[in-house]
Amino acid sequence: MPAPAARPGMSVFWWRWVASTDSLTARLINAGNGRRFRVRVLRQGVGYPSVDEARALALPLRRYAWLREVALCLDDIPWVVARSVAPLDQLHGQRLDRLGDRSLGSWLFQQADLRRGPIEVTRHAPRFVAASGLWGRRSCFSHTGMSLLVQEYFLTAMADALEGPSR
């Protein structure tokens, strides 16, 4: 659902995280209060996006895309899991597979022509990894003719560490 439609059922604490349009990496590092931030790559490679992801990117079904799934950890505890999807034919030489343990946001928010589409929100748990999530969000970014769908799920461990509410 669009983020504004989810707002009535969401605490102020979570609204500040879910509706933010700045770099999630920077926000996590700041909120971590000295905890060590690390990106753990869960999976990365070429594959088919889900029907829902293809629809969000306006891709025909069964079109290959670059897929990356990560856990954003503080002191090795995952606070957020994320899945990014980019159509292969739009990468234009961008070597996103070389990010390694850097966050996608560390690259993405350096792009001068970056545009972000509206944020959509879900209460569903992520489908790509077994994790206990509270809220999920996604939005499409565009940069130099490339579209990129970024999906992020805020986990229970984050709420516990920050003493945030469960919703």
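Author: A cavity is a set of grid points where a 1.4 Å probe fits but cannot get out. The model considered here is predicted.

Reader: Which elements supply at least two residues each to the lining of the largest cavity?

Author: They are helix 3 (24–31), strand 2 (65–74), strand 3 (77–87), helix 5 (104–108), strand 6 and strand 7. Strand 2 gives the most, with four residues. The lining has 21 residues, and Thr25, Leu104, Gly105, Val150 and Glu152 lie nearest the centre of the cavity. By class, nine are nonpolar, five polar and seven charged.

Reader: Which residues lie nearest the centre of the largest pocket?

Author: A pocket, in contrast to a cavity, is an open set of points. Here the largest pocket holds about 340 Å³ of space. Of its 17 lining residues, Asp52, Arg127, Arg138, Gln151 and Tyr153 lie nearest the centre. Helix 4 (51–56), strand 5 (120–122), strand 6 (133–143) and strand 7 (146–155) each give two or more residues to this lining. The lining comprises five nonpolar, five polar and seven charged residues.

Reader: What does the side chain of Thr122 reach?

Author: Thr122 belongs to strand 5. Its side chain reaches the backbone nitrogen of His124 at 3.0 Å. Beyond its neighbours within four places in sequence, Thr122 is in contact with Trp135, Gly136 and Tyr153.

Conventions. Residues numbered from 1 in each chain as written. Predicted model: local features only at pLDDT ≥ 70, side-chain atom pairs only at ≥ 80, totals over all residues. Heavy atoms only, no water. 1 Å grid on protein atoms, 1.4 Å probe; cavity = no way out; pocket = protein on both sides within 12 Å on 5 of 7 lines; lining within 4 Å. Points joined across faces, edges and corners; volume = space filled by probe spheres on them. Nonpolar A, V, L, I, M, F, W, Y, C, P; charged D, E, K, R; others polar. Polar contact = N/O pair within 3.5 Å; in protein donor to acceptor, adjacent residues only side chain to side chain. Contact = heavy atoms within 4.5 Å.
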